[in-house]
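Here is a short briefing for a first look. Please keep the sequence and the model open as you read.

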Amino acid sequence: MKNSQAKYFLVVSDNHTDRDILTKIAEVYQNRVDLMIHCGDSLLEKTDPLCERYQVVEGNCDFPGNFVNEQLLTTSVGQVFFSHGQHYYVNFGMSDLMAVAQKNQADFCFFGHTHQLKVEYQEGCLFLNPGSISFPRGKYRQIGGTFAIVTVTVDRIVVNFYDRRFSIINELTHEFKR
């Protein structure tokens, strides 16, 4: 998977006590991606060894104070902002999340909370909800849980969604020009 000219972000969310799936994902992808992000509701303790593998934010079901509410990371391909999303009312629309992404000059904005996968590219920013890895909702719930890998090059962004067996879901692949 690794290509020296591309950057790879693995994004997962909402496993809700299903620690085993996070362990399996980390074992398979840790050396194949540049950054592993968890968008909240992990229910991990901050001392859990998995927190050394994933960048984690606090979700509404996490123990308060275990993690920060949001993170902004500078990478070689742009600013990565991520949050669980509940503080930006993502159940009711994207406007608050888009405003904070713009304020932070984010090139990538990752979130969870709704348990529904979503991807769109607006005003130079990729907005991505990987869906819930353990308790999916909405149109794609029959897949049984999803996570995403974002591949970033100088001129494009490719988003691939995967199921819990690490199989790519080809019909959900999205490509955007940068």
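The points below cover a pocket, a loop residue and a helix.

This is a predicted model. Its largest pocket has a volume of about 160 Å³. Asp18 sits in the loop between strand 1 (7–12) and helix 1 (19–29).

**The largest pocket**
- Nine names make up the lining: Met98, Ala101, Gln102, Gln105, Ala106, Gln122, Glu123, Cys125 and Phe127.
- Helix 2 (95–103) and strand 8 (125–129) each give at least two residues to this lining.
- Helix 2 supplies the largest share, three residues.
- By type, the lining holds five nonpolar, three polar and one charged residue.

**Asp18**
- Is Asp18 buried or exposed? Asp18 is buried, because its relative accessible area is 19% and buried means under 20%.
- Asp18 touches Ser134 and Arg164, leaving aside residues up to four places away in sequence.
- With Ser134 there is also a polar contact, side chain to side chain, at 3.0 Å.

**Helix 1**
- The buried residues in helix 1 are Ile21, Leu22, Thr23, Ile25, Ala26 and Tyr29.
- An α-helix has 3.6 residues a turn, so residues three or four places apart point the same way.
- Which strands do the buried residues of helix 1 pack against? They pack against strand 1, strand 2 (35–38), strand 9 (146–152) and strand 10 (156–163).

Terms used:
Residues are numbered from 1 along each chain as its sequence is written. This is a predicted model: local features need pLDDT of at least 70, side-chain atom pairs count only at pLDDT 80 or more; totals for chains, interfaces and linings use all residues. Side-chain values use heavy atoms; hydrogens and water are left out. On a 1 Å grid over the protein atoms alone, a cavity is a set of points where a 1.4 Å probe fits but cannot get out, and a pocket is an open set with protein on both sides within 12 Å along at least five of seven lines; lining residues have an atom within 4 Å of a point. Grid points are joined across faces, edges and corners, and a volume is the space filled by probe spheres set on the points. Helices (H or I, at least four residues) and strands (E, at least two) are DSSP runs, numbered from the N terminus. Ala, Val, Leu, Ile, Met, Phe, Trp, Tyr, Cys and Pro count as nonpolar, Asp, Glu, Lys and Arg as charged, and the others, Gly among them, as polar. Buried means under 20% relative accessible area, exposed over 50%, partly exposed in between (1.4 Å probe, protein chains only). A polar contact is a pair of N or O atoms within 3.5 Å; within protein, one must be able to donate a hydrogen and the other to accept it, and residues adjacent in sequence count only if both atoms are side-chain atoms. Contact means heavy atoms within 4.5 Å.
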